[in-house]
Amino acid sequence: MPPLIRLCPPVGIQPRAADFQPGGIILTAFDRDSLWVYNIDRETRYPLPDTNPCGSNCHLSPDFRWITYVNAADQSYGKMRLDGTERTPLVSYASDVEWWSADTLLVWTPARGAYLLPENGGEREPLDVRGVLKIQPGGRWGVLVQLDGDTFKRGLINLAFRDMPGIAQPYFDLGADVPYFDDAAWSPDGQWFAYVAPGSFDAQAGIAGGEIFAVRPANGTRAQWTDLTSSYGAVRINGRASGDLRWSPDGTRLAFWVTELLGPDPEANLGSAMIHVLDIRSGEVTAYCGFTTDEHTPNPPRLIWSPDGTHLAFGGNVPGDDKGYLLLALDVAAGTFTALSEGIYPTVGGPNPVAWGYAP
């Protein structure tokens, strides 16, 4: 694999320039009550009435122009433009609603059932999701988690063939489901499933460090995409939450946090967390040294891509200032960090931005 690239410009966190690009809208929270708009082009921010703060249960549409949200009055799901306009009801009773494709919703029920629903109305298509998480965008593959002796194991199954008599169930074994070593995400087009699993054992730390692996279900291709142990020794990729591996909008890169493990406990005796980006085409991994954080357990800050794939936004606290959590943006080409705003409020899952999309 190519050697690790360290991108460390000799500058600190930069103040926002008046002409900061790219523009658009970032959704986050600046209080405990509502979802907020931060309009980059106008450099303004304001709360959205009748919305709840949300973490990973607000989802951008594939064109980055709509987002699902929870109506604070009746807890139903709807969609709206990122500035809060054109609100449209979607589902009255659900635990989560996401886009399965450009015109079809994937609805999860409070009882952990799921069905596909045309966005413009139509018949539901029930899905057999017993024990299944992370359904493939535009497809039928899902992650099955099941008890195997004293541990849980993960695997990919095709829901279209589940329990079909006389047909062998297609299955890709992903190994044990190990806390802090089980993050995973589908690529935007659903072609690749990237997942974290223990890799090589580090005798000095006394633990096998996390690496990123991938499966392409269409043709059975399997690959190991990182060898972070050779650069750092054992590391932890992201945290306890599963779903924070971040694919770029064009599906060519993965963004994640890397924390060095200084001992066998993935929750204690750790180094600082640093953002890394993997280019799946070249295999290159870039480490961005301009910002690190010790606020990484149980989870480091959530990363979100700009729609054009040039920046990553997240909430970060700089020790010693009085600004609280900053809304920071990383230019992945230059390696520079810019402070866009301050005072992000730690709501669902922490002081995290929710989404970055286009203004209407």
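Biologist: What should I know about the model before I start?

Modeller: It is predicted, so local features need pLDDT of at least 70, side-chain atom pairs count only at pLDDT 80 or more, and totals for chains, interfaces and linings use all residues. Residues are numbered from 1 along each chain as its sequence is written, and side-chain values use heavy atoms, with hydrogens and water left out.

Biologist: How many helices and strands does the chain have?

Modeller: Helices (H or I, at least four residues) and strands (E, at least two) are DSSP runs, numbered from the N terminus. This chain has one helix and 30 strands.

Biologist: How do I judge its overall shape?

Modeller: Take the radius of gyration over C-alpha atoms and compare it with the globule rule, 2.2 Å times the number of residues to the power 0.38. Here the radius is 20 Å, close to the 21 Å the rule gives for 360 residues, so the chain is as compact as a globular protein of that length. The C-alpha trace spans about 65 × 55 × 35 Å along its principal axes.

Biologist: What share of the residues is buried?

Modeller: Buried means under 20% relative accessible area, exposed over 50%, and partly exposed in between, with a 1.4 Å probe and protein chains only. Buried residues make up 51% of the 360 in the chain.

Biologist: How do I read a nonpolar core?

Modeller: In soluble globular proteins, nonpolar side chains tend to be buried together. A core here is a set of buried Ala, Val, Leu, Ile, Met, Phe, Trp, Tyr and Cys residues joined through side-chain atoms within 4.5 Å. The largest has 20 residues; among those with the most contacts inside it are Ile-212, Trp-225, Leu-245 and Leu-254. Strands supplying at least two residues each include β18 (193-202), β19 (207-216) and β24 (270-279). β23 gives the most, with three residues. A second, separate core of 17 residues includes Leu-303, Leu-326, Val-332 and Ala-339.

Biologist: Which residues touch Leu-254?

Modeller: Contact means heavy atoms within 4.5 Å. Leaving aside neighbours within four places in sequence, the partners of Leu-254 include Ala-194, Ile-212, Trp-225, Leu-245 and Val-277.

Biologist: How do I read aromatic pairs?

Modeller: Rings of Phe, Tyr and Trp (its six-membered ring) pair if their centres lie within 6.5 Å; planes under 30 degrees apart count as stacked, over 60 as edge-to-face and the rest as tilted. The count comes to 13 pairs. Trp-192 and Trp-225 form a tilted one, 5.1 Å centre to centre with 55 degrees between the planes. Trp-192 lies in the loop between β17 (184-186) and β18, and Trp-225 in the loop between β20 (221-224) and α1 (229-232), so the pair ties together parts 33 residues apart in sequence. Trp-192 is buried at 16% relative accessibility, and Trp-225 at 11%.

Biologist: Is the pair of Trp-257 and Phe-291 stacked, tilted or edge-to-face?

Modeller: Their ring centres are 6.5 Å apart and their planes at 65 degrees, so the pair is edge-to-face. Trp-257 lies in strand β23 and Phe-291 in strand β25, so the pair ties together parts 34 residues apart in sequence. Both residues are buried.

Biologist: Where do charges sit over rings?

Modeller: The test is NZ of Lys or CZ of Arg within 6 Å of the ring centre and within 35 degrees of the ring normal. Lys-79 lies over the face of Trp-66, at 4.2 Å from the ring centre. The charged end of Arg-124 sits over the ring of Tyr-115, 4.2 Å from its centre.
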